[in-house]
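Visitor: I would like to go through this model one question at a time. Please show it before we start.

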Amino acid sequence: MNDINKKTAVKAAQLEQILASNVRTMLASTSMAIILAYMQKDNASYELLIAWLVSSIAINAVRLAFTLNCLRKPSTDFKTIENRLNKFRLGVVVSSLLWGSVSFFMFTPDEPRHQMFVIYMLAGLSAGAVVSYSADIICAMSYTLLSLVPMLLRSFWFGDEISIAISVAGFIYVGYMIASIRNFNRNMTENIMLRFNAVKRESEIKQLAFYDQLTNLPNRRLLFDRLDHALAVSARSGRRGALLFLDLDHFKMLNDTLGHDMGDLLLKKVAERLLRCVRESDTVARLGGDEFVVMLEDLSDDIDEATKQVEKVADLIIETLNIPYMLNTLEHSSTPSIGIALFGDHGSSHEELLKHADIAMYAAKRAGRNVVRHFDFTMQEAASASDSQATVN
Ligand SMILES: Nc1nc2c(ncn2[C@@H]2O[C@H](COP(=O)(O)OP(=O)(O)OP(=O)(O)O)[C@@H](O)[C@H]2O)c(=O)[nH]1
């Protein structure tokens, strides 16, 4: 997992967290703006108060609409996430500047109760910001500092003894808040990384358990899983399916003459070509060595029609795999032998189907290779007879 994925995961989680709490925050902030404006109606210029209130409500409405839009259309793209985070931060800065501006026109040293009320409101708001915005240190810090500190400074310079005491207490409070924001933010980032690493490990384990490491195709275990599912679906719907068992001809010779690495390269190229021959809903698996299996699903319910459909794919595979390969600088020709077994007609369990497709593939080898053979039960008798012959000998 690369750095960009890690960064994206962290930023996405940060954004998700701040967006999730922002609807509540916007409603609380708007209510507090209305209450504050009402309470200060006799202590500030009426025009300024109305302008401030309207601006606060407008910016909160824009931020709310932005939040709802992001929540409705989540993104996993790094650039989009970063862009949204920056816009969100801009909204936070504008909001906190508006709250900070309160210190210029709602500063009432002659009305200590009102003065305390304003400071109490701003402190409450910034405490809310620690909870809501700590996932992003820039949002949390700017909200706390820009909204509360201007009022504390004014109280300190222009207030009486009690205002100065409140201001000093306020600065201690801001110091605690900054420490909390940093702790919360560090813990959250660590949590995100732990979650991210756990997901990454899980996907690596799945990859090892269910996929072939050389070609990245599903392995035998995943093929059987999908085959069991496909057989159940086919039995219910009546739509047929098929297994194509494919073995490369004289693959050993390539290994012996050009080396194992060239053999590996051919196997990878064969896997790529096979994937191009089938629909996305079909499965191409590697059983091991030079053996591949293609599982076709959702074929016609009519046996003749289904047989034609499978033959068409098998012919396409033969044609595609017969095209010479470039193995580094060497041109190499390879052919496959293919055996076909149809769901239901040639077996109703994964073991049976695979065995029958394998028997058909051996019939294709015996027929001279680079051909397709359909399974029929006489092949099985022949295979059993030759097995018993081998045992007797
Ligand atoms: N390069 C490479 N070779 C492998 C791998 N796994 C198995 N093999 C080799 O694949 C070859 C399989 O050969 P076979 O299918 O038995 O024989 P063949 O030469 O293809 O002959 P026919 O199948 O009868 O046409 C053996 O030489 C194995 O050692 C692998 O992961 N990479």
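Visitor: How many residues surround the ligand, and which are the closest?
Guide: The model is predicted. Around the ligand there is a shell of 16 residues. The closest of these are D249, F251, K252, G263 and G289.

Visitor: Which elements give two or more residues to the shell around the ligand?
Guide: The chain has 13 helices and seven strands. Two or more shell residues come from each of strand 1, helix 9 (251-258) and helix 10.

Visitor: How do the residues of that shell divide into nonpolar, polar and charged?
Guide: The shell around the ligand holds 16 residues. By class, they are five nonpolar, five polar and six charged.

Visitor: In the hairpin of strand 2 and strand 3, which residue takes a positive phi?
Guide: Strand 2 and strand 3 run antiparallel and are joined by five bridges. Across this pair, R286 stands opposite F292. The hairpin has two residues between its strands, and the positive phi, near 50°, belongs to G289.

Visitor: Which residues have the most contacts inside the largest nonpolar core?
Guide: In soluble globular proteins, nonpolar side chains tend to be buried together. Here the largest such core has 46 residues. Those with the most contacts inside it are L244, I340 and A357.

Visitor: Which element supplies the largest share of this core?
Guide: Several elements each supply at least two residues of the core, among them helix 8 (220-237), strand 1 (240-248), strand 6 (336-342) and helix 12 (350-366). The largest share is eight residues, and it comes from helix 12.

Visitor: Which residues does I340 touch, leaving out those up to four places away in sequence?
Guide: I340 is among the residues with the most contacts inside the largest core, along with L244 and A357. Both L244 and A357 are touched by I340.

Visitor: How many residues are in the second, separate core?
Guide: L15, L36, L85 and A129 are included in this second core. Its size is 39 residues.

Visitor: How far apart are the end C-alpha atoms of residues 21-39?
Guide: An unreviewed UniProt entry annotates "transmembrane region" at several spans, including 21-39 and 140-158. Residues 140-158 are 100% helix, with end C-alpha atoms 27 Å apart. Residues 21-39 are also 100% helix, and the end C-alpha atoms of that span lie 27 Å apart.

Visitor: What percentage of the chain counts as buried?
Guide: The chain has 393 residues. Of these, the buried share is 34%.

Methods: Residues numbered from 1 in each chain as written. Predicted model: local features only at pLDDT ≥ 70, side-chain atom pairs only at ≥ 80, totals over all residues. Core = buried A, V, L, I, M, F, W, Y, C linked by C-beta atoms within 7 Å. Buried ≥ 20, exposed ≤ 12 C-beta atoms within 10 Å, placed from the backbone. Helix = DSSP H or I, 4+ residues; strand = E, 2+ residues; numbered from the N terminus. Contact = placed C-beta atoms within 7 Å. Near = placed C-beta within 6 Å. Nonpolar A, V, L, I, M, F, W, Y, C, P; charged D, E, K, R; others polar. UniProt positions renumbered as here; feature names shortened; annotations may be inferred. Pairing = 2+ DSSP bridges.
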